[in-house]
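Hello! Shall we go through a structure together, in questions and answers?

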Amino acid sequence: MSQAIMSIDEVKGLIEKGRILLLSGDEAVLGQLPQGKWIGGTIPYFMSKKHGGISTKEMVFCTDLSDAVESANIIEYNENSLAKVYSEAPEDGFCFVLIPALSQTHLTFALNAPNYKDFGVRPLIGWITGVHLDDLGKVAPKVINGETGKFLEDAALVMQAKLPQGKAADIGIINLFEQGDGDILTFPQDGFSATDVFVNGEKQNFAEYLTKNNFDTKLPLVADYYGASVNISFQAVDTDAGEVKFYAPVFSSIRYKHAKPVGDYVNEFTEKLKSECGLDENRLLFSCNCILNYLYSELEGKKTDPMVGPITFGEIAYQLLNQTLVYLEIHDV
């Protein structure tokens with residue numbers, strides 16, 4: 001399997017050879033690449049074998065699918081057509097998806113994916129594209145269709161990959177967080193922000209509740225989905241407006257708790273990587289990690305082998321996730 005951070009000329013060479021590629025990089029470098037069988041998402045943060053965690057607007061992270069897949073098709077979806085993403089996935093393969101952060105397509109997928117037809121029937125992995133944190137609010141995250149060279153600000157790009165006979169795809173998730181023992185939190189409506197929250201059934205202003213109880217917002221809200229922990233990360237707490245913003249939506253039908261405290265975010269995330277990443281590197285096709293893990297774990301300059309790849313504004317493992325690392329393995333069956 002092939003994943004590496006590369007120069008623009010190295011990636012150009014692969015595209016000109018007709019390789020099937022998943023790319024990530026700053027908009028300026030992705031815009032210099034020739035047309036070919038590839039899709040790309042904007043982001044300047046990466047995990048790499050050579051440099052460890054790195055921020056660069058000069059290089060491209062490249063995942064070469066060519067030797068692992070039998071064929072691949074690139075499909076563009078909008079917020080209305082994205083509901084077909086699971087039912088149109090190849091029966092003997094997987095789908096890789098890129099969606100720009102803060103777009104209407106991002107919002108629609110986050111809120112509705114679990115209700116789409118055939119949700120979870122076939123592997124869907126990918127990530128939410130972003131920008132340098134200094135450019136937040138100034139530059140829009142984008143995806144680029146390598147077959148057309150077209151940048152898109154509000155769409156989902158999907159690589160439908162068919163695997164050879166005797167191979168199967170499997171998605172893994174590494175999550176540092178579990179539910180704590182505190183209050184049960186529920187919300188009156190779905191969304192990326194909340195003003196009100198029900199605390200053990202009692203309605204309160206959520207921003208006031210978090211501030212009064214001195215919550216550490218580095219720790220996410222955690223929902224228990226039949227034994228699997230799903231995080232909702234805090235983006236901002238505005239006590240003046242009485243509003244809390246999230247990186248993924250909360251749902252009115254779900255019970256949340258604040259995550260258990262983490263003694264040392266850096267060490268515990270590193271130990272989690274060691275304990276859950278004993279996989280065969282030769283089976284690892286793709287991985288990506290959350291920008292909040294990158295920041296809170298102080299990953300710049302640190303290596304996370306065998307996990308390498310883009311640092312994201314949200315991970316997709318069947319549905320939108322936060323503060324996780326997700327990966328795709330290819331097995332013999």
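Me: What should I know before we start?
Reply: This is a predicted model, where local features need pLDDT of at least 70, side-chain atom pairs count only at pLDDT 80 or more, and totals for chains, interfaces and linings use all residues. Residues are numbered from 1 along each chain as its sequence is written, and side-chain values use heavy atoms, leaving out hydrogens and water.

Me: Is aspartate 154 buried, partly exposed or exposed?
Reply: Aspartate 154 sits in the loop between β11 (150-152) and β12 (156-162); strands here are DSSP runs (E, at least two residues), numbered from the N terminus. Buried means under 20% relative accessible area and exposed over 50%, with partly exposed in between (1.4 Å probe, protein chains only). At 38%, aspartate 154 is therefore partly exposed.

Me: Which side chain makes a polar contact with the side chain of aspartate 154?
Reply: A polar contact is a pair of N or O atoms within 3.5 Å; within protein, one must be able to donate a hydrogen and the other to accept it, and residues adjacent in sequence count only if both atoms are side-chain atoms. A side-chain polar atom of aspartate 154 lies 3.5 Å from the backbone nitrogen of glutamine 104. The side-chain partner, at 2.5 Å, is threonine 105.

Terms used. Helix = DSSP H or I, 4+ residues; strand = E, 2+ residues; numbered from the N terminus.
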